[in-house]
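Biologist: Hi! I'm new to this one, could you walk me through it?

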Amino acid sequence: MRFFYKVLGFTCFAFFGLAAYGDDNSPSENRFFLEYSLAASGFKFRVNDVPAMSPSYQIGTMGNIRSRFPINQLLYKGRNFIEIEFKVKKKSEDGLRIRLSIKNSGLNSDVFSDDNYVFDFKVNVNHDDNSFEVVESKGNQSVSNVDFRKVSGSEMLEEWNKYRISFDLAYDFYESQYRNLGLALSDEDYDGVFKAYKDIYLAIESNSLKPLLKGFLDKYSHDTGMENDEIYESLFSDFLDPELNYELNNFDISNSKLVIVGNGKLALLDPSPISYSSDVLGEEERIMIMLWKDKNGMWNIKD
């Protein structure tokens with residue numbers, strides 16, 4: 001059976017109906033995508049310390065792939081940063097390339113085809129000594145103070161290396177409450193996170209999850225221009241399709257561990273104890289949920 005993730009607090013929806021022209025400071029009309037190409041490589045990334053997928057999962061291939069992630073819902077006005085952790089195999093010829101692009105028109109173009117971008121980060125392979133060279137470039141002038149910094153790694157093939165790219169944005173993104181109102185979390189919060197996940201599972205089981213997603217839906221709507229109902233339906237459309245025959249699995253906490261992200265203010269269980277299975281597709285999809293705790297001790301889904 002194949003495993004996939006749907007993520008509440010970060011989701012890989014495609015954006016619909018991109019505007020050709022619009023307000024220069026409106027996130028909904030300026031879409032940010034992390035574009036990438038890999039050749040016998042693997043990588044994972046966080047935006048403002050929020051993982052784009054399960055922390056135990058990486059994007060990887062022994063062949064070649066090119067794709068893009070939408071990340072508007074993880075960005076904020078002011079200073080932002082993206083951490084990229086990657087490993088390039090010795091057999092790789094083309095290495096790895098990552099670009100943060102800005103689009104205000106359709107998505108028919110190939111990755112890396114537009115000149116409107118924040119940064120471009122390319123890893124070139126040197127087979128003579130099994131090392132690599134990073135080539136960095138800064139793009140769009142509406143983005144200021146782009147800074148590249150190596151965090152860890154030996155710049156050798158077959159080893160994990162981490163880089164951090166910081167930049168300022170003037171766009172009017174929705175400001176998530178957890179950033180200002182969330183309490184600092186620790187391993188002692190495991191019981192609270194476990195109970196919150198169980199409550200969410202029961203809400204899914206009773207078809208009453210939507211009210212718990214209000215903050216998440218509000219930010220996603222503000223930053224993409226999609227309506228709340230459209231976002232919710234897109235998130236769960238596969239699970240509700242009778243032809244795919246998805247069923248909610250039993251709540252399974254046996255292998256889950258507490259992971260704290262979001263600069264210490266978000267928590268998740270990995271792997272997620274909430275999942276669906278389709279016997280038609282032979283797939284299991286886990287629901288990855290990030291939570292924050294307010295001053296009253298209440299747990300909330302990341303907005």
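Modeller: Happy to, and please keep in mind that this is a predicted model.

Biologist: Good to know. How many helices and strands does the protein have?

Modeller: There are four helices and 17 strands.

Biologist: And what share of the residues is buried?

Modeller: Of the 303 residues in the protein, 51% are buried. As for contacts between residues at least 6 apart in sequence, 70% join residues at least 24 apart.

Biologist: Which residues touch the most other members of the largest nonpolar core?

Modeller: That core has 81 residues, and the ones touching the most other members are Phe32, Phe43, Phe45, Phe86, Phe119 and Phe167.

Biologist: Let's pick phenylalanine 119. What is phenylalanine 119 in contact with?

Modeller: Leaving out neighbours within four places in sequence, phenylalanine 119 contacts Leu34, Ile82, Ile98, Arg99, Leu100, Ser137, Val146, Phe148, Ile165 and Phe167.

Biologist: Is asparagine 80 buried or exposed?

Modeller: Asparagine 80 counts as buried because its relative accessibility is 1%, and the cut-off for buried is under 20%.

Biologist: Then what does the side chain of asparagine 80 make a polar contact with?

Modeller: One partner is the side chain of asparagine 48, at 3.0 Å. A polar atom of the asparagine 80 side chain also lies 2.7 Å from the backbone oxygen of tyrosine 76. Not counting residues up to four places away in sequence, asparagine 80 touches Asn48, Leu74, Leu75, Ile165, Ser166, Phe167 and Leu169.

Biologist: Switching to charges: how many salt bridges does the structure hold?

Modeller: It holds 18 salt bridges. In general, side chains of opposite charge can pair when their charged atoms come close.

Biologist: Show me one. What does aspartate 172 form a salt bridge with?

Modeller: Aspartate 172 pairs with lysine 77, and their closest N and O atoms are 3.1 Å apart. Aspartate 172 sits in the loop between strand 10 (161-169) and helix 1 (177-181), while lysine 77 sits in the loop between strand 4 and strand 5, so the pair ties together parts 95 residues apart in sequence.

Biologist: How accessible are aspartate 172 and lysine 77?

Modeller: Aspartate 172 is partly exposed at 36% relative accessible area, and lysine 77 is partly exposed at 49%.

Biologist: And what about arginine 164 and glutamate 83?

Modeller: Their side chains meet in a salt bridge of 3.4 Å, N to O. Arginine 164 is in strand 10 and glutamate 83 is in strand 5, 81 residues apart. Arginine 164 is partly exposed at 22% relative accessibility, whereas glutamate 83 counts as buried at 15%.

Biologist: Which residues do salt bridges with shared partners join into one network?

Modeller: Glu35, Arg68 and Lys103 are joined that way.

Biologist: New topic: how much space lies in the second largest pocket?

Modeller: That pocket has about 370 Å³ of space. Its lining is made by 19 residues, with Leu212, Met298, Trp299, Asn300 and Ile301 lying nearest the centre.

Biologist: Which elements give two or more residues to the lining of the second largest pocket?

Modeller: Those are helix 2 (190-205), helix 3 (214-224), strand 16 (291-293) and strand 17 (299-301). Helix 2 gives the most, with five residues.

Biologist: Is helix 3 mostly covered or uncovered?

Modeller: Helix 3 is mostly covered, with eight of its 11 residues buried. The buried ones are Gly215, Phe216, Leu217, Lys219, Tyr220, Ser221, Asp223 and Thr224. After helix 3 comes glycine 225, which has a positive phi, near 85°.

Biologist: Last one: where does serine 54 lie?

Modeller: Serine 54 is in the loop between strand 3 (50-51) and strand 4. With a relative accessible area of 1%, serine 54 is buried. The side chain of serine 54 makes polar contacts with the side chains of serine 56, at 3.0 Å, and aspartate 270, at 2.5 Å.

Biologist: And how far apart are serine 54 and methionine 288?

Modeller: They are 234 residues apart in sequence and 7.0 Å apart in space, C-alpha to C-alpha.

Notes
Residues are numbered from 1 along each chain as its sequence is written. This is a predicted model: local features need pLDDT of at least 70, side-chain atom pairs count only at pLDDT 80 or more; totals for chains, interfaces and linings use all residues. Side-chain values use heavy atoms; hydrogens and water are left out. Buried means under 20% relative accessible area, exposed over 50%, partly exposed in between (1.4 Å probe, protein chains only). A polar contact is a pair of N or O atoms within 3.5 Å; within protein, one must be able to donate a hydrogen and the other to accept it, and residues adjacent in sequence count only if both atoms are side-chain atoms. Contact means heavy atoms within 4.5 Å. A nonpolar core is a set of buried Ala, Val, Leu, Ile, Met, Phe, Trp, Tyr and Cys residues joined through side-chain atoms within 4.5 Å. A salt bridge is a side-chain nitrogen of Lys or Arg within 4 Å of a carboxyl oxygen of Asp or Glu. On a 1 Å grid over the protein atoms alone, a cavity is a set of points where a 1.4 Å probe fits but cannot get out, and a pocket is an open set with protein on both sides within 12 Å along at least five of seven lines; lining residues have an atom within 4 Å of a point. Grid points are joined across faces, edges and corners, and a volume is the space filled by probe spheres set on the points.
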